[in-house]
Amino acid sequence: MDPSEVEFLAEKELVKIIPNFSLDKIFLIGGDLGPFNPGLSVDVPLWLALNLKQRQKCRILPPDWMDVEKLEEMRALERKEDAFTPVPSLYYMEITKLLLNHASDNIPKADEIRTLVKDIWDTRIAKLRLSADSFINQQEAHAQLDNLTLMEINTTREFLLDSLNFMFKLRSNLQPGSSKGQLTDY
Amino acid sequence: MSDALSDDGSDINQDDSQDVMTPAELIAKLEEAWLNEKFSPELLENKSEVVECVMEQLTHMESNLQRVKKGDAKASFHRMEIDRIRFVLSSYLRSRLQKIEKFFPHVLEREKSRVEGQPSLLSPEEFAFAKEYYTNTETYLKAVALKRMPLNLQTVDLLKAVPEPCLDSFVFLRVKEKQENILVEPETDDQREYIVDLEEGSQHLMRYRTVAPLVSNGAVQLI
């Protein structure tokens, strides 16, 4: 899957905005939005928030978790635990990136947040690589991956799955009499 | 602002009274089908009902938008949403066509051996596409190579020549409905098979073959 498609999915997440225009309720296929009143916060999907922001029609309120103190706690916990800790949003990386790229003037301490989220991401990706390594070493057939986000899975998906398939084919050809997974594919 | 846009098209599925879905649920269904199709190694059952309903919603909305003045703020929101839905829809259909092109002899073989009353993998349009693709490939192979071969080598069995989908591929999945006693087959001879329970909301990495029935009945979502 292309990272831009994961970002596309992240754009469905709701964020709070403060519009500077007024508009009645609108009935989108995916649900109702609004009404919009100047100065009153309202929930909209990220794709709409970013569009309005680019047209200077709103101010975006950062999600609750996008806060230096909370992220510092998360980073500490993430570094302490061996397993993946729960994330505040399944799309934390994408949302951070989109908001900081397009609405950084609405995010207090944007630079610190960027660094913190990057640290959390790096720690998690390092864990992911470690667990992928032991998964392959132990020749496991099943792994539970709670709290892992789609973007994180996506960084390793193709490489990991293709390697597993290849190893499976090579191995099953080593076992005499086994007909499964013959090297017919590719 | 005209009333044209206030009609959210909630008349969906009127002709299908057993299973009433809101447009939002319909879009969610389409997205599920899109991700499942993207990540499963084999072609899944067609969701032409969902596709048709979504198409209906889109044309309905587009015809409403035609009646709206230019520069209307609401209309631009609607257009953006339509573009997003259209993207998912075409990406979904495209990934199905790619699989049909990749596995066409097997797809057609399954269609042939299908018992009356069993749902078809392919929509009528996809079936026509697969058949045409088969004929064209065959004609092409004949024209460029086969007819210049010695007589005894002039046929090719496409069913054997084209690789089958590899059901032993690993997939990532999220559990939507709790499943108990899923048998995990061992990787090597010195390992033993064992049983896992899939808790709701948990995520796993395992072979597609083990969970294929759960994907098709919607108990798990590929991610």
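**The interface and its surroundings**

Glu11(A) and Arg84(B) form a salt bridge in which the closest N and O atoms are 2.7 Å apart. A salt bridge here is a side-chain nitrogen of Lys or Arg within 4 Å of a carboxyl oxygen of Asp or Glu. The model is predicted, so local features need pLDDT of at least 70 and side-chain atom pairs count only at pLDDT 80 or more, while totals for chains, interfaces and linings use all residues; side-chain values use heavy atoms, with hydrogens and water left out. Residues are numbered from 1 along each chain as its sequence is written, and chains are lettered from A and ligands numbered from 1 in the order in which they are written.

Across the interface of chain A and chain B, the rule finds three salt bridges. The interface involves 49 residues of chain A in contact with 50 residues of chain B, contact meaning heavy atoms within 4.5 Å. Between them the chains bury about 4,500 Å², with 63% of that area on carbon and sulfur atoms. Phe8(A), Ile29(A) and His142(A) supply 18% of the area that chain A buries against chain B, more than any other three residues. Buried area is the accessible area (1.4 Å probe) that two parts lose on being put together, summed over both.

Helices (H or I, at least four residues) and strands (E, at least two) are DSSP runs numbered from the N terminus, and two strands pair if DSSP finds at least two bridges between them.

Gln144(A) has His204(B) as its bridge partner in β4(B).

Beyond β6(A) in chain A, Asn147(A) is found in the loop between β6 (142-144) and α6 (150-174). Asn147(A) has a positive phi of about 70° although it is not a glycine, and with a relative accessible area of 29% it is partly exposed. Buried means under 20% relative accessible area, exposed over 50%, and partly exposed in between (1.4 Å probe, protein chains only).

Helix α1(B) is in turn held to other parts of its own chain. The side chains of Lys176(B) and Glu32(B) meet in a salt bridge (3.1 Å, N to O). Lys176(B) lies in the loop between β1 (170-175) and β2 (179-184) of chain B and Glu32(B) in helix α1 (residues 23-39) of chain B, so the pair ties together parts that are 144 residues apart in sequence. Lys176(B) is partly exposed, at 32% relative accessible area, and Glu32(B) is partly exposed at 27%.

A salt bridge also joins Arg96(B) to Glu37(B), with the closest N and O atoms 2.8 Å apart. This pair links distant parts of the chain, with Arg96(B) in helix α3 (residues 73-112) of chain B and Glu37(B) in helix α1 of chain B, 59 residues apart. Arg96(B) counts as buried at 1% relative accessibility, and Glu37(B) is buried at 1%.

Lastly, the UniProt record, an unreviewed entry, lists residues 165-223 of chain B as "domain: DNA replication complex GINS protein SLD5 C-terminal". UniProt positions are given in the numbering used here, feature names are shortened, and annotations may be inferred rather than shown by experiment. The span of residues 165-223 of chain B is 15% helix and 42% strand, with its end C-alpha atoms 19 Å apart.
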